[in-house]
Amino acid sequence: MSDKSLACETLLKEAAALIGGDSPRLDAGLLLGSVTGWSRTTFRAWPEREVDVTLVTRFSTLVEQRCEGHPVAHLLGEQEFWSLPLKVNPFTLIPRPDTECLVEAALALDLPPNASVLDLGTGTGAIALALASERPGWQVSACDAIPAGVDLATDNATRLGLPVTVEHSNWFADLPPAVFDLIVSNPPYIAGDDVHLGQGDVRFEPASALVAGGDGLDDIRRIVAEAPGWLAGGGWLILEHGYEQGEAVRRLYTDAGFASVETGQDYGGRDRLTLGRKHD
């Protein structure tokens, strides 16, 4: 790219052509906005606005990194989820829009006004923070197996002013005794030999947040088996999973004694989450 001042529209067109993929113009706009502090509305309203050469250089570096495959969220250090600006880092999973379907399913449940809620493997804290933002009366806690996840989720909670407590625990293993009305999780659910692990943004995300054994269900099996011991009577478990895993996950729920088991879809109409209720 150029080493001189250029108009916004010129920079965006050049960058989009280099980036390619599904949303090159959006990626370019987000990156240019991060170095200029200008919104995409500004780019549309004043496409001829000049960008200083120093900023052009910084933008070019980000574009090069995006062309290498680095996720936009990592380059920006932030990802929006449920309208919440969340800090991200390479040690945790980048929140995906489809995970908002899990939040919607949780909010649709008939839970007590002061429900106790646990988010397992919270990562950025996305699910826990979204729920806390919508239900101020809920007592929301979260855990993660890696210290970097605990620190990141805690930082996001503090910045957003949301009262979510984050603890270090490998699923339930290190949690103090407690009973919850709702347990949610977006656990790893990709098979170890899945070809998609070598493609796109996931190449730059931790395998520990993605892969769960030969069939991708190892962590889901563990959570479903152990969750009844942590749920109140009538409490719910909601898990995100792969679009081809709905039938297998429903079977795990049923075998563990859950009632009202059903699978919900993501925004693309694919199976994406399963929920079930512990018997009273």
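W230 is buried in this predicted model, with a relative accessibility of 16%, where buried denotes under 20% relative accessible area, exposed over 50% and partly exposed in between (1.4 Å probe, protein chains only). F172 is likewise buried, at 3%. The ring centres of F172 and W230 lie 5.3 Å apart with planes at 15°, so the pair is stacked; rings of Phe, Tyr and Trp (its six-membered ring) pair if their centres lie within 6.5 Å, planes under 30 degrees apart counting as stacked, over 60 as edge-to-face and the rest as tilted. Because F172 lies in the loop between β7 (165-168) and β8 and W230 in the loop between α9 (218-226) and β9, the pair ties together parts 58 residues apart in sequence. Helices (H or I, at least four residues) and strands (E, at least two) are DSSP runs, numbered from the N terminus.

The structure holds 2 aromatic pairs. Y253 and F258 form a tilted pair, 5.1 Å centre to centre with 50° between the planes. Y253 is buried, at 0% relative accessible area, as is F258, at 7%.

The largest nonpolar core comprises 36 residues, of which V103, L131, W138, V164, L182 and I238 touch the most other members. Such a core is a set of buried Ala, Val, Leu, Ile, Met, Phe, Trp, Tyr and Cys residues joined through side-chain atoms within 4.5 Å. A second, separate core of 22 residues includes L120, W171, L175 and L237.

Residues are numbered from 1 along each chain as its sequence is written. Local features need pLDDT of at least 70 and side-chain atom pairs pLDDT 80 or more, whereas totals for chains, interfaces and linings use all residues; side-chain values use heavy atoms, leaving out hydrogens and water.
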